[in-house]
Amino acid sequence: MTSEITEITEIKEGRSPDRPGRLEAAAPWEKSFRGWILYDGACRSCTASARRFGRIFRRRGFLFLPLQTNWVMKRFDLEPGAPLDEMRVLTADGRDIGGGDAVIFLARQIWWAWPFAALARLPGMHKLLNRGYRWIAAHRGCNHIACSLPPQRRWPGWIALIVLPVLALLVRDRVAPWVFMWLIAAAIFFDCKLLTFSRARRQLAGVRVGRVLGYLFLWPGMDAERFLRSPASETPEQKLISRASKEVSSKMPERAGRTRALSHKRAKTAVATAKILLGAVLLFGLARLAPHPLVTGWIGMIGMILALHFGMFALLAIAWRAYGLDVRPIMDAPLNSTSLGEFWGRRWNGAFNQLAFENVFRPVGRSTGPILGTIVAFLASGLIHELVISLPARTGYGLPTAYFLLQGCGVITQHRVPRIRHGMAGQFFTAFIVAVPAFWLFHPPFVRNVILPFMKAIGAL
């Protein structure tokens with residue numbers, strides 16, 4: 001790989017008569033050469049990234065080269081031993097792109113990195129990404145003197161959840177409320193993604209870049225270890241379950257089993273597609289006919305939830321399962337819940353519920369007991385919804401938190417009263433506690449100030 005990164009180490013700088021300012025590469029494949037990706041060769045993480053992405057960008061005409069290379073240091077007037085604060089891209093036509101702009105430029109060269117490149121086009125995101133890049137560059141692990149200092153006290157992993165939301169707050173007054181809502185939601189989402197990925201990475205080795213990008217950008221779940229784990233790295237218990245399922249399936253006629261599996265997949269795909277269409281009808285059709293703006297907003301929100309959470313996310317789950325990954329759907333028939341614990345713990349938005357269970361309920365419950373663990377977990381969920389709902393609306397503070405505290409109290413009550421834990425009584429109690437106070441969660445100011453303007457912006461009104 002070292003030879004691939006440094007295969008071309010000599011260039012001649014000059015101005016061609018036909019293409020002024022062009023950087024000419026002395027290479028056998030000069031016609032396909034598009035430029036250099038210059039990285040800090042003294043940084044272990046930077047070097048590892050160069051090795052990991054070297055083949056990907058080589059196919060696109062870019063070669064990695066350390067910034068410490070003699071001609072590079074002369075070109076950029078770099079002092080030997082001086083700390084290097086950013087990567088650079090030096091294109092064949094002489095353009096010099098550095099820092100966060102270089103990352104965005106490289107993302108545009110790869111088709112599967114389009115979500116990141118598209119995100120950079122949103123209002124305020126360019127500055128946000130640049131600041132994020134500067135922070136990462138200042139805290140990367142390397143061999144510099146600054147990086148050789150004694151490590152600081154390690155903070156709990158959930159502290160990472162505040163990084164991107166704090167950056168998103170910087171553009172709050174410069175964008176529309178509905179834009180800020182999506183920005184803060186995306187910030188919390190990707191912080192959670194990075195948190196779960198970093199933890200799973202410690203348990204797994206040899207995870208492919210494509211799988212990592214699929215987890216970060218093409219799967220809404222937070223089950224990083226399950227998503228990234230390859231069949232070869234399954235635990236003994238998982239191998240035993242897989243073997244048992246294969247033995248059961250082998251007893252069935254092969255053709256009948258395949259036919260049944262295919263028809264089951266088609267049925268799920270049809271149901272998910274129907275939910276997307278129904279959501280679109282509610283959002284772009286029936287919402288216009290509502291007699292009151294608040295009713296319009298609620299119909300629009302129901303349509304968005306149907307299309308996104310029950311439709312698109314379900315199709316993603318079907319696709320990843322067809323690819324061979326053991327992922328669980330985000331929504332698992334929540335209307336079938338007979339208890340609040342089942343509704344919030346397994347059937348509704350399993351991604352963040354799993355995250356709250358592992359990072360809040362489990363550690364708090366171990367030290368103080370399950371009752372306080374439940375309350376703290378729902379309190380944390382309420383505070384997150386305050387950021388996504390009340391903060392963009394600039395009012396209604398406390399209502400989402402009150403809603404989730406009520407849910408926590410309902411879980412505890414239902415657990416202690418067996419009569420309302422199962423059956424019809426359990427379903428009625430669950431539906432009542434979840435649905436009736438829902439206007440605390442999506443309070444009227446949020447509908448008026450955020451949802452309705454968003455619906456207008458996308459042409460639903």
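User: In β4, which residue is the bridge partner of Leu38?

Analyst: Before we look, this is a predicted model: local features need pLDDT of at least 70, side-chain atom pairs count only at pLDDT 80 or more, and totals for chains, interfaces and linings use all residues. Residues are numbered from 1 along each chain as its sequence is written, and side-chain values use heavy atoms, with hydrogens and water left out. Strands β3 and β4 (residues 62–66) pair in the parallel sense over 5 bridges, where pairing asks for at least two DSSP bridges between two strands. In β4, the bridge partner of Leu38 is Leu65.

User: How many helices and strands does the secondary structure of the chain come to?

Analyst: Helices (H or I, at least four residues) and strands (E, at least two) are DSSP runs, numbered from the N terminus. On that basis, the secondary structure of the chain comes to 20 helices and 6 strands.

User: What share of the residues in the chain is buried?

Analyst: A residue is buried under 20% relative accessible area, exposed over 50% and partly exposed in between (1.4 Å probe, protein chains only). The chain has 461 residues, and the buried share of them is 41%.

User: Why is strand β3 largely enclosed by the rest of the structure?

Analyst: Gly35, Ile37 and Tyr39 are buried on one side of β3, and Trp36 and Leu38 are buried on the other. Both faces of β3 are therefore covered, as all of these residues fall under 20% relative accessible area. Strand β3 (residues 35–39) is largely enclosed because its buried residues number 5 of the 5.

User: Which side chain does Gln407 join in a polar contact of 3.1 Å?

Analyst: Gln407 sits in helix α17 (residues 399–416) and is buried, with a relative accessible area of 0%. Leaving aside neighbours within four places in sequence, Gln407 is in contact (heavy atoms within 4.5 Å) with residues including Leu340, Phe378 and Pro437. A polar contact is a pair of N or O atoms within 3.5 Å; within protein, one must be able to donate a hydrogen and the other to accept it, and residues adjacent in sequence count only if both atoms are side-chain atoms. The side chain that meets Gln407 in this way at 3.1 Å is that of Trp344.

User: Which helices are included in what covers the buried residues of α14?

Analyst: The buried residues in α14 are Leu340, Glu342, Phe343, Trp344 and Arg347. Just after this helix, Asn349 takes a positive phi of about 45 degrees. The cover over the buried residues of α14 includes α15 (350–368), α16 (370–393), α17 and α18 (423–435).

User: Which residues are linked with Asp332 in a network of salt bridges?

Analyst: A salt bridge is a side-chain nitrogen of Lys or Arg within 4 Å of a carboxyl oxygen of Asp or Glu. Glu342 meets Arg346 at 3.1 Å, N to O, and Arg347 at 2.7 Å. Glu342 and Arg346 are 4 residues apart in helix α14 (residues 340–347), which means about one helical turn separates them; Glu342 is buried at 17% relative accessible area, whereas Arg346 is partly exposed at 44%. Linked with Asp332 in the network are Glu342, Arg346 and Arg347.

User: What is the area of the nonpolar surface patch made by Leu278, Val281, Leu286 and Leu289?

Analyst: Patches are made of residues with over 30% relative accessible area and no salt bridge, joining like charges within 9 Å and nonpolar side chains (Val, Leu, Ile, Met, Phe, Trp, Tyr) within 5 Å. One member, Val281, belongs to helix α12 (residues 254–284) and is partly exposed at 45% relative accessible area. Accessible areas come from the Shrake-Rupley method with a 1.4 Å probe, and for residues only the protein chains shown count as cover. The patch of Leu278, Val281, Leu286 and Leu289 has an area of about 390 Å².
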